[in-house]
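Have the model open beside you as you read.

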Amino acid sequence: SHPIIFDTDPGVDDAQAIAIALRHPEIELLGMTTTFGNVDVETATHNALLLAQLAGDDIPVAQGAACPMVKPRHPAPKHIHGDNGLGNIELPEVTGQADPRSAAQFIVDTVNQRPGEVTLVAVGPLGNLAAALQLDPAITGKVKNVIVMGGSIREGGNVTPVAEANIFNDAHAAQRVLTAAWPLTLVGLDVTHRCVLTPAHMARIESAQGKLGKVLAGSYAFYREFYRGALGIDGCCPHDSVALAWLVKPELFTTAQGHLHVVTEGAAEGQTLFAPMGRKFIEERWSMTPEQTVCLDVDGEAASNWIADTLS
Ligand code: BDR
Ligand code: CA
């Protein structure tokens, strides 16, 4: 099984992925860490606690970054996930409380307790992972893997023509995380835009998931309106769940190895640049950073069905 820490800004598609992390028999969810992004960090923590509660699972939730590391925050796009992050549906009371530790401290403690075992799955802006690196740089040699939902290699962006939201929301943090000396896979728009969670998928999920299913289906209905307008599809890209599909079903993906870099200033802020392994560049700094993995393609139908099947 895969022990993971899930770093998240829930968020409609985050909620779907959290449900998978809680339900999938091969995933051991050690805890969640929260960040600003789709919503402010307090709302993110509230939603993470609520989703765990609805699944009947009392896992730790540690709150993290309230804003980007260097620049002021870009406003959250309320029309995508709603003011409350879950499509503005009415939500039950939260009974549990957050872990007293910061997200970064929780990551450092957990990785040190189980050296070589823990995979960090990050599906929001990357401030918590960057802060954990700062707190204990030695964790690069102790995590098993890092999986980041973010960025785009060939697909173009969703916030600007070149930038994907999670990277754009804290490009400085992303640059640290994507160039650190730990094994990392980028699961970006190149693959998440190939996946569609359809209304038929969601109907199955709703009927199988009880109270949790009500929240997933209600928030999905709101998110679906955004996709109808933005991409002209009837259904939603389940971005954050695709990071978990990579964890459990890597055979569905086509990948490449190379060096990553994040643009932190100017019109291309938040763009992820990829230098394929073996290619020679005149500027040598392109081969100085560690080699990472990027996902370039996926069997989108199989990955989408895996998401629905896991929750049905
Ligand atoms: C990413 O941005 C957020 O809005 C989603 O939750 C996902 O993590 C997609 O670009
Ligand atoms: Ca997210």
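### Exercise 1: A residue in a helix

Asn 47 counts as buried, with 31 C-beta neighbours inside 10 Å. The cut-offs are these: 20 or more other C-beta atoms within 10 Å of a residue's own make it buried, 12 or fewer make it exposed, anything in between makes it partly exposed, and C-beta atoms are placed from the backbone. Before going on, please note that this is a predicted model, in which local features need pLDDT of at least 70, side-chain atom pairs count only at pLDDT 80 or more, and totals for chains, interfaces and linings use all residues. Residues are numbered from 1 along each chain as its sequence is written, while chains are lettered from A and ligands numbered from 1 in the order in which they are written.

**Task.** Find the element that holds Asn 47, then list the residues in contact with Asn 47, leaving aside neighbours within four places in sequence.

**Solution.** 
- Step 1. Asn 47 belongs to helix H2. Helices (H or I, at least four residues) and strands (E, at least two) are DSSP runs, numbered from the N terminus.
- Step 2. Apart from neighbours within four places in sequence, Asn 47 is in contact with Pro 10, Ala 15, Gly 85 and Leu 86. Contact means that the C-beta atoms of two residues, placed from the backbone, lie within 7 Å.
- Step 3. Asn 84 is 37 residues away from Asn 47 along the chain, and their C-alpha atoms are separated by 8.4 Å.

### Exercise 2: The sheet

**Task.** Write down the order of the strands in the open sheet of nine strands, then find which strands stand at the edges.

**Solution.** 
- Step 1. The order is S3-S2-S1-S4-S5-S6-S9-S7-S8, and the pairing is mixed. Two strands pair if DSSP finds at least two bridges between them.
- Step 2. Strand S3 (61-63) and strand S8 (272-276) are at the edges; each has a single partner strand, so one side of each is left without a neighbour in the sheet.
- Step 3. From one strand to the next, the twist averages 30°. For angles, axes are lines fitted to C-alpha atoms, for helices over the stretch in contact, and values run from 0 to 180 degrees between N-to-C directions.
- Step 4. Strand S1 (residues 2-8) and strand S2 (residues 27-34) run parallel and are joined by seven bridges. Within this pair, Phe 6 stands opposite Met 32 in S2.
- Step 5. Helix H1 lies across S1 and S2, at about 160° to S1. Helix H2 (residues 41-54) packs on the sheet too, touching S1, S2 and S3, and its direction makes about 180° with that of S3.
- Step 6. Strand S4 (residues 119-122) pairs with S5 in the parallel sense over four bridges, and Thr 119 stands opposite Asn 145 in S5. Four of the five residues of S5 are buried.

### Exercise 3: Around the ligand

**Task.** How many residues surround ligand 1, and which are the closest?

**Solution.** 
- Step 1. The shell has 13 residues, and the closest are Gly 11, Asp 13, Val 123, Ala 165 and His 239. A residue is near the ligand if its C-beta atom, placed from the backbone, lies within 6 Å of it.
- Step 2. Helix H1 (12-23), helix H6 (165-168) and helix H11 (239-248) are the elements that give two or more residues to this shell.
- Step 3. Gly 11 is in the loop between S1 and H1, and the peptide bond from Pro 10 to Gly 11 is cis, with omega near -5°.
- Step 4. Ala 165 lies in H6 and is buried, with 25 other C-beta atoms within 10 Å. Leaving aside neighbours within four places in sequence, Ala 165 touches Asn 158 and Val 159.
- Step 5. Nine of the 10 residues of H11 are buried, so this helix is largely enclosed by the rest of the structure; His 239 is among them.
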